[in-house]
Amino acid sequence: MTLEHVAIFNDGQGLELTWQGGRRARFHAIWLRDNAQDPETRAPGNGQRLITIGDIPADTRLASADIENGTLQLTFAPENKQVVFDQVWLAQHAYDCGHAARAMGWLSDVVVPWTADHQDQLHAAPLTQLQSDTQALQSWLAAVQRDGVAKVTEGPTESGALLQVAGLFGFVRETNYGRWFEVRTEVNPSNLAYTGLGLQAHTDNPYRDPVPTLQILYCLENSAEGGDSLVVDGFAVAQRLKEEDPHGFELLSKYCARFEYAGSDGVRLRSRRPMIELAPDGELIGIRFNNRSTAPIVDVPYDEMQAYYAAYRRFAEIVDDPAMAMAFKLEPGQSFIVDNTRVLHARNGYSGAGSRWLQGCYADKDGLLSTLAALSETRREAAE
Ligand code: FE2
């Protein structure tokens, strides 16, 4: 990562850097000025930017550029402002690297799609270990980031214990279902989740915007026949649909579906979002799939609706394919967490004999990923 050569071009509006080994990257003067690391531009304590885009002259350009002791020393006109950049920082933040070649539905490097044969690698760790061993916690959080699912074992079998799982990394997202909710057989249930019926694999609460990005399901009793939990990687399903039927994938990502929940007094939750969500640059970022709460879909043109429904059906068939699912029976004191923007969960039907009592709650990925990033940084610094 040693800088070897710098050249200003285009009247100071651009800069080309060459590192040892031949790597090259161009930068814009405006980008470099906006990302200056000096104490007038960035607060030294918290790293927050102290200037707005309007504080940077519109005609910003580079007046000079020199390499000195592993740094790039720049002077910006017309401010006559001098700024120093670290050569490694510049290499890490280079953006001149052909992003345009990415295919629709590309995945972030930290995400690894899986199917049924991943079963043996489903990450699991005892609750007390995760609470006391930061290395174990970091691995577990990284598994949630990578796989979108992980288990916790050997927890207490007392009501509310699931809050300890959320407490490993962040905060519960309270909803109209409460701080947490009970999943057990009920007479006259307000939601089908509270009966003994099997449920098709789904993401939870697609009718919320924003959707809860994590769900924790915690087992307190499970002596009923059946009632196994199933998880399916929605990203793997979407990728398979794209391979089989690129147009179907496009339809489910291009048009919004609608979702709705109105099962309780005073609650009318509605959202308008696609079943397969892509970022504007094609990154696959979210799945919403829930037969119970899909509302009439009215945002697909008439001429495309037949094909849309065919794609929706095929997506559901892939979801239901046992080759896609990992299945396990939760024992009392065990729980699992899913990335609710990616991994679908289900349960097989169970009979009235014995009992099945789970508690569930929602939380959010921002807290989980923040805890993971902070732990990773601390460990990296300790190793250096
Ligand atoms: Fe659910």
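**Domains.** I looked up the distance between the domain centres in this predicted model. Taken over C-alpha atoms, the centres of domain 1 and domain 2 are separated by 44 Å. The domain assignment places domain 1 at 3-92 and domain 2 at 116-375.

**Asp-109.** I then turned to Asp-109, which sits in the loop between helix H2 (87-92) and strand E7 (124-126). Its relative accessibility is 78%, so Asp-109 counts as exposed, the cut-off being over 50%. I also checked Asp-109 against Phe-27: they are 82 residues apart along the chain, and 24 Å separate their C-alpha atoms.

**Nonpolar cores.** I recorded 56 residues in the largest nonpolar core; Val-231, Ile-276, Ile-287, Phe-289, Tyr-308 and Phe-315 touch the most other members. Helix H8 (residues 302-320) contributes seven residues, the largest share of this core. A second, separate core has 28 residues, among them Trp-140, Val-144, Val-152 and Leu-372. In soluble globular proteins, nonpolar side chains tend to be buried together.

I listed the contacts of Phe-289, setting aside neighbours within four places in sequence. The partners include Tyr-312, Phe-315, Ala-316 and Val-319, as well as Gln-200, Ala-201, His-202 and Thr-203. Met-275 and Leu-344 are also in contact with Phe-289.

**Second largest pocket.** I noted a volume of about 190 Å³ for the second largest pocket. Its lining comprises 15 residues, with Val-111, Gln-145, Phe-235, Asp-339 and Lys-365 nearest the centre. By class, I found eight nonpolar, three polar and four charged residues in the lining. At least two lining residues come from each of helix H4 (134-147), strand E17 (284-287) and helix H9 (365-383).

**Backbone geometry.** Most residues other than glycine have a negative phi, and most peptide bonds are trans.

- The bond from Ala-77 to Pro-78 is cis, with omega near 0°; Pro-78 lies in the loop between strand E5 (71-77) and strand E6 (81-86).
- Asp-209 and Pro-210 are joined by a cis peptide bond with omega about 5°; I located Pro-210 in the loop between strand E11 (199-202) and strand E12 (214-222).
- Asp-11 has a positive phi near 60° and is in the loop between strand E1 (3-9) and strand E2 (14-19). With a relative accessible area of 70%, Asp-11 is exposed.
- Asn-69, not a glycine, has a positive phi of about 50° and lies in the loop between strand E4 (61-68) and E5. Asn-69 is exposed because its relative accessibility is 78%.

Methods. Residues are numbered from 1 along each chain as its sequence is written. This is a predicted model: local features need pLDDT of at least 70, side-chain atom pairs count only at pLDDT 80 or more; totals for chains, interfaces and linings use all residues. Side-chain values use heavy atoms; hydrogens and water are left out. On a 1 Å grid over the protein atoms alone, a cavity is a set of points where a 1.4 Å probe fits but cannot get out, and a pocket is an open set with protein on both sides within 12 Å along at least five of seven lines; lining residues have an atom within 4 Å of a point. Grid points are joined across faces, edges and corners, and a volume is the space filled by probe spheres set on the points. Helices (H or I, at least four residues) and strands (E, at least two) are DSSP runs, numbered from the N terminus. Ala, Val, Leu, Ile, Met, Phe, Trp, Tyr, Cys and Pro count as nonpolar, Asp, Glu, Lys and Arg as charged, and the others, Gly among them, as polar. Domain bounds come from an automatic or database domain assignment. A nonpolar core is a set of buried Ala, Val, Leu, Ile, Met, Phe, Trp, Tyr and Cys residues joined through side-chain atoms within 4.5 Å. Buried means under 20% relative accessible area, exposed over 50%, partly exposed in between (1.4 Å probe, protein chains only). Contact means heavy atoms within 4.5 Å.
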